[in-house]
Amino acid sequence: MPINPVETHYTRPDLTGAILAALKAAGTDIDHLTPDDLAPVDEFHGGQRPATIRLAELVGFTGKERVLDVGSGLGGPSRYLAWHYGCHVSGVDLTAEFVRVAEMLTGLTRLVGRVDYRQGNALELPIEGESFDVVWSQNASMNIADRARLYGEMRRVLKPGGKLALQEVAAGPGGPPHYPVPWAREPRISFLFTPEATREQLEAAGFRVLVWQDTTEPSREAARQRAQAAEASTPLGTHVILGSDWQEMAKNSLRNLEERRTELFNAVLERVG
Ligand SMILES: C[S@@+](CC[C@H](N)C(=O)[O-])C[C@H]1O[C@@H](n2cnc3c(N)ncnc32)[C@H](O)[C@@H]1O
């Protein structure tokens, strides 16, 4: 049983069974499963696959990179990078259940050997220094208070000159978020900082900003579509992961963006030194 409240928040009993049942209900051919088939459920962040493509294009992958995905979740983005670009991707995630599901879905999409996963904490990455060309992370930092340590760990495992690619939820000027949201049912496990404060923390950790992009607008549009889908309910979606309060989470995600309580940004940075 998880002892960390963040892991408790994300853990669902028998998530494997729930995802397989949803794939079946959606009429997916499980024997010929592709990362595209899984994208509605395994891209577990606002904007889903289009947002992953947007960030990947900012990095400009050649396919030769060794990539570390911090907070890799069910593995949607990492499998996409391995499948589409040919990179080798390793994922680290705090939630043991997510790591098990990520491995299962990697087997079903025949990507074993091209991506791997392990359970671990981003604040103490179980990884040797200077071993990756790119560190990638989407919508994981909002559960992490100690950003100096998080960004320090990301820098440590990057090779000199390596790139950090981030998609993050930030605090907006509109006040604290309405809860529940997909990453937290209560403020105790939610830690948002303004984009300006985040940028300062990243620079202090030893990064130089190459690209910084406010993605609040496209994220709001994606949240609007998800809130509508929450009413319609399709078999395959992130509601399979989120549990019974997913409709409220979808509504709050949209409301928080509309009221500018949350903002989103993409950034690509370079390790200095
Ligand atoms: C909203 S999900 C995003 C998953 C994935 N990045 C994606 O976009 O599909 C947030 C993930 O961050 C992970 N996470 C939160 N805090 C973490 C920590 N301290 N170390 C490692 N993973 C963490 C959670 O377990 C969860 O899988």
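Leaving aside neighbours within four places in sequence, Thr95 is in contact with Glu7, Tyr10, Thr11 and Gln119. This is a predicted model, and in it Thr95 sits in the loop between β2 (88-93) and α6. With a relative accessible area of 1%, Thr95 is buried, because anything under 20% counts that way.

**Helix α6 and what follows**

- Helix α6 covers residues 96-108, and its 13 residues should span 18 Å at 1.5 Å a residue. The C-alpha atoms at its ends are 19 Å apart, which agrees with that expectation.
- Which residues of α6 are buried? They are Ala96, Glu97, Phe98, Val99, Val101, Ala102, Leu105 and Thr106.

**Helices α7 and α8**

- Helix α7 (residues 147-157) packs against helix α8 (residues 195-204) at an angle of about 50°, and their axes are 9 Å apart. That angle makes α7 oblique to α8.
- The crossing in which α7 passes α8 is right-handed.
- On the α7 side, the contact is made by Arg147, Ala148 and Tyr151, while α8 brings Thr198, Gln201 and Leu202.
- Sorted by class, the contact of α7 with α8 has three nonpolar residues, two polar ones and one charged one.

**A cis peptide bond**

- Tyr179 and Pro180 are joined by a cis peptide bond, with omega at about 0°.
- Where is Pro180 found? Pro180 belongs to the loop between β5 (158-171) and α8.

- Gln48 is not a glycine, yet it has a positive phi of about 45°. This residue lies in helix α4 (residues 48-59).
- Is Gln48 buried or exposed? Its relative accessibility is 17%, so Gln48 counts as buried, since the cut-off is under 20%.
- Glu130 is another residue other than glycine with a positive phi, here near 55°. Glu130 lies in the loop between β3 (115-119) and β4 (132-138).
- Glu130 has a relative accessible area of 44% and is therefore partly exposed.

Terms used
Residues numbered from 1 in each chain as written. Predicted model: local features only at pLDDT ≥ 70, side-chain atom pairs only at ≥ 80, totals over all residues. Heavy atoms only, no water. Helix = DSSP H or I, 4+ residues; strand = E, 2+ residues; numbered from the N terminus. Expected span 1.5 Å × (residues − 1). Buried < 20%, exposed > 50% of the residue type's maximum accessible area, 1.4 Å probe, protein only. Axes fitted to C-alpha atoms, helices over the stretch in contact; angles between N-to-C directions. Parallel < 35°, antiparallel > 145°, perpendicular 65-115°, else oblique. Left-handed = near helix turned anticlockwise from the far one by under 90°. Contact = heavy atoms within 4.5 Å. Nonpolar A, V, L, I, M, F, W, Y, C, P; charged D, E, K, R; others polar.
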